[in-house]
Amino acid sequence: FDPVTHDLDARIHFEFKDGTALRDAFVYRWRLWTLPDLREALEAVGFEDVHVLWEGTDPRTGSGNGAWRRVERGEACRSFVAYVVARKPAARRPSGRGRRSP
């Protein structure tokens, strides 16, 4: 991970019981967009009511519990699932000024 550019190079390797290994079974290269990056981009192009939905945690398993809530701050955890949600602005109707009747 490059903290300046947010470029990320992630690789998944497998090691098998017989001692063999499969390196680079999956390779992912992308720019990591943060939740604030996504919110700002949506607002910049005109979306409204941009917010984050955060999945709660099951205290027994530490996994997601399927309950989503709107949040302004996340929580420090090993992993999380969140959605950035926005509303498209309503289409504006023409004012009718300067138009002729048929």
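## Aromatic pairs

F26 has a relative accessibility of 41% and counts as partly exposed. F14 falls in the partly exposed class as well, at 35%. These values come from a predicted model.

In total, four aromatic pairs are present. One of them joins F14 and F26, whose ring centres are 6.5 Å apart with the planes at 70°, so the geometry is edge-to-face. Because F14 belongs to strand β1 and F26 to strand β2, this pair ties together parts twelve residues apart in sequence.

W54 and F80 make a stacked aromatic pair, with 4.8 Å from centre to centre and 10° between the planes. W54 is in strand β3, while F80 is in the loop between β4 (64-71) and β5 (82-87), so parts 26 residues apart in sequence are tied together. W54 is buried at 6% relative accessible area, whereas F80 is partly exposed at 47%.

## Strands β1 and β2

Strand β1 (residues 7-15) and strand β2 (residues 21-31) run antiparallel and are joined by eight bridges. D9 has R29 in β2 as its bridge partner. Five residues lie between the strands of this hairpin, where G19 adopts a positive phi near 95°.

## Charge over a ring

R31 is placed over the face of W33, 4.3 Å from the ring centre.

## Largest pocket

The largest pocket holds about 160 Å³ of space. Its lining consists of 13 residues, with T57, G62, G64, S79 and F80 nearest the centre. Strand β3 (residues 48-57) gives the most to this lining, namely four residues. By class, the lining comprises four nonpolar, six polar and three charged residues.

How values were computed: Residues numbered from 1 in each chain as written. Predicted model: local features only at pLDDT ≥ 70, side-chain atom pairs only at ≥ 80, totals over all residues. Heavy atoms only, no water. 1 Å grid on protein atoms, 1.4 Å probe; cavity = no way out; pocket = protein on both sides within 12 Å on 5 of 7 lines; lining within 4 Å. Points joined across faces, edges and corners; volume = space filled by probe spheres on them. Helix = DSSP H or I, 4+ residues; strand = E, 2+ residues; numbered from the N terminus. Nonpolar A, V, L, I, M, F, W, Y, C, P; charged D, E, K, R; others polar. Pairing = 2+ DSSP bridges. Phe/Tyr/Trp six-rings, centres within 6.5 Å; stacked < 30°, edge-to-face > 60°. Buried < 20%, exposed > 50% of the residue type's maximum accessible area, 1.4 Å probe, protein only. Lys NZ or Arg CZ within 6 Å of the ring centre and 35° of its normal.
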